[in-house]
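Student: Could you walk me through reading the charged side chains here?
Tutor: Gladly; let us look together.

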Amino acid sequence: MIDLRDLRENPERYRESQRARGADVNLVDRVIEADEARRCRLGAFEALRAEQKKVSRSVGTAAPEQRAAVLAQAKELAEQVKQAEAAADEAAGRLDELAHQFQNLIEGAPVGGEEDYVVLRHEGPAPRDFAAEGLEPADHLALGEGLDIIDTKRGAKVSGSRFYYLKGAGMRLELALMTAALDRSAAYGFVPMVTPTLVSPQVMSGTGFLGQHSDEIYYLPTDDLFLTGTSEVALAGYHADEILDLSGGPLRYLGWSTCYRREAGAAGKDTRGIIRVHQFNKAEMFAYVRPEDAVAEHERLLALEEEMLSLVGLPYRVIDTAAGDLGSSAARKFDCEAWLPTQNRWMEVTSTSNCTTYQARRLAVREKRGGRTCPVATLNGTLATTRWIVAILENNQQADGSVVVPEGLRPYMGGLEVIEPRA
């Protein structure tokens with residue numbers, strides 16, 4: 001959650017953040033009022049409990065003729081303490097309910113909605129001029145079917161729409177991306193992990209995913225478990241309720257997992273092929289750092305994502321995501337978008353978010369410093385995912401329907417240089 005003390009002392013910062021997100025500004029005042037009510041009722045409870053203890057201790061020293069009255073007073077105070085405790089618990093519950101509705105305090109994100117991002121820079125090779133080459137580019141699905149490496153028809157037959165099979169060189173291409181991401185992250189000290197893809201409601205809620213986009217998440221009611229849409233969730237829950245030692249620097253993990261998303265709010269959007277699907281694989285970076293180191297760590301994760309994009313030779317741009325398009329837990333997010341020639345647009349392939357102390361507060365991940373316990377900061381970033389195949393196929397296609405394998409991935413594909421169409 002948010003820092004309640006900071007909110008009380010600097011409420012306008014939180015109003016500005018809510019305003020920038022397009023979220024409920026009045027929530028700030030409701031949280032402050034609920035916090036005041038909680039502290040008032042807690043103070044009343046503690047005062048009554050102290051009085052009860054004092055009276056109870058005096059029973060043994062009271063004169064015989066006064067003992068009955070003192071006992072009656074102690075009994076009455078006990079009932080008052082019980083009622084005051086219930087009132088304090090109720091106020092605390094109300095505050096907790098309101099505080100959990102609060103989205104993270106933004107830090108430097110542009111104001112506005114989905115279309116108000118800021119382009120920071122363009123990187124990689126210039127997008128190909130297919131018209132100058134006299135080539136009408138085929139989209140990734142046509143290429144994938146021609147190469148016999150993507151099969152959405154049988155995916156739909158077996159599991160329904162937005163499912164698919166990756167075959168042959170398609171499967172190897174995905175594995176090459178994931179393995180390259182594993183090697184790249186390990187070189188920078190990330191601990192590789194295969195993570196659970198089913199998590200408890202407490203962990204899913206703690207990461208901030210059960211808010212406005214909860215309809216995107218698969219839920220198994222019989223088991224009371226959620227399927228994760230990113231290994232960020234399992235990695236955030238890995239140190240829940242723990243006190244970490246960050247004196248030697250950040251703790252960094254690379255989660256490799258299959259991910260599941262209902263895509264309930266994406267009807268009619270990118271339904272062709274494997275851009276927006278219900279199941280995919282992803283390599284996700286996750287870091288636990290001291291709050292003052294979070295901004296530098298964010299830049300570090302972005303740099304690693306750009307190294308991977310350079311490895312596969314894609315033209316891409318980096319954008320600073322606007323506040324209204326941030327997830328509830330992110331204070332700031334950078335996306336890398338690869339060029340998609342058949343749609344004449346940029347397509348998100350990576351994102352990295354600085355979640356500051358928001359997730360750590362909700363999951364009780366702390367460290368001891370200077371004699372006190374304080375929350376840590378968490379960050380995440382995508383290093384490779386199935387969607388990259390879309391951009392690789394379209395940007396590297398040849399006139400005969402073949403696709404050139406990016407040079408950086410060839411060592412992971414047994415030296416294969418070109419994926420040829422099926423005979």
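Student: Is Arg128 buried, partly exposed or exposed?
Tutor: Buried means under 20% relative accessible area, exposed over 50%, and partly exposed in between (1.4 Å probe, protein chains only). At 25% relative accessibility, Arg128 counts as partly exposed. A word on the source: this is a predicted model, where local features need pLDDT of at least 70 and side-chain atom pairs count only at pLDDT 80 or more, while totals for chains, interfaces and linings use all residues. Residues are numbered from 1 along each chain as its sequence is written, and side-chain values use heavy atoms, leaving out hydrogens and water.

Student: Which residue forms a salt bridge with Arg128?
Tutor: A salt bridge is a side-chain nitrogen of Lys or Arg within 4 Å of a carboxyl oxygen of Asp or Glu. For Arg128 the partner is Glu133, with the closest N and O atoms 2.7 Å apart. Glu133 is partly exposed as well, at 45%.

Student: How many salt bridges does the structure hold?
Tutor: There are 27. One of them pairs Arg290 with Glu367 (3.2 Å, N to O). Arg290 sits in the loop between strand E10 (279–289) and helix H11 (294–312), and Glu367 in strand E14 (residues 366–369), so the pair ties together parts that are 77 residues apart in sequence. Helices (H or I, at least four residues) and strands (E, at least two) are DSSP runs, numbered from the N terminus. Glu367 is buried, at 0% relative accessibility.

Student: Which residues are joined into one network?
Tutor: Arg8, Asp35, Arg38 and Arg39, through salt bridges that share partners.
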